[in-house]
Amino acid sequence: MLIRAAVFSDFAALRFVELASFETPRNAGAVNGTPTASSDEELQHYLGHALLYVACDQEGSAVGYCGGYIAERFLHIGEMDVHPVGSERGWVGGF
């Protein structure tokens with residue numbers, strides 16, 4: 001697995017991962033409703049703070065991501081998602 005800084009062209013793949021990851025807590029009964037993904041503005045906020053990272057599999061496809069920002073010396077994790085296939089394979093530990 002490769003973890004690298006994300007770029008704007010990753011945004012569509014990150015939203016795909018985010019929407020797919022919604023199914024895990026839904027299946028566990030933890031959430032319900034219609035899933036939504038982060039907007040370009042939200043992802044750009046993390047990217048603008050240089051705190052948007054994407055985890056890629058051997059083929060270079062996004063399997064997870066994490067975005068955050070620093071405020072008053074504290075790191076705030078705003079979003080972290082792992083594609084359900086990745087979580088089944090133990091990729092969460094890669095973050």
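Mentor: A residue is called buried under 20% relative accessible area, exposed over 50%, and partly exposed in between, using a 1.4 Å probe and protein chains only. This is a predicted model, where local features need pLDDT of at least 70, side-chain atom pairs count only at pLDDT 80 or more, and totals for chains, interfaces and linings use all residues. Residues are numbered from 1 along each chain as its sequence is written, and side-chain values use heavy atoms, with hydrogens and water left out.

Trainee: Is Phe-11 buried or exposed?

Mentor: Phe-11 has a relative accessible area of 2%, so Phe-11 is buried. Across the protein, 32% of the 95 residues count as buried.

Trainee: How many aromatic pairs does the structure hold?

Mentor: Rings of Phe, Tyr and Trp (its six-membered ring) pair if their centres lie within 6.5 Å; planes under 30 degrees apart are stacked, over 60 edge-to-face, and the rest tilted. There is 1 aromatic pair here. It joins Phe-8 and Phe-11, whose ring centres are 4.7 Å apart with planes at 55°, so the pair is tilted.

Trainee: Where is Val-31 found?

Mentor: Helices (H or I, at least four residues) and strands (E, at least two) are DSSP runs, numbered from the N terminus. The protein has 4 helices and 4 strands, in the order β-α-α-α-β-β-β-α from the N terminus. Val-31 sits in the loop between helix 2 (23-27) and helix 3 (40-48).

Trainee: Which residues is Val-31 in contact with, leaving aside neighbours within four places in sequence?

Mentor: Contact means heavy atoms within 4.5 Å. With those neighbours left aside, Val-31 touches Phe-22, Pro-25 and Arg-26. Val-31 counts as partly exposed because its relative accessibility is 32%.
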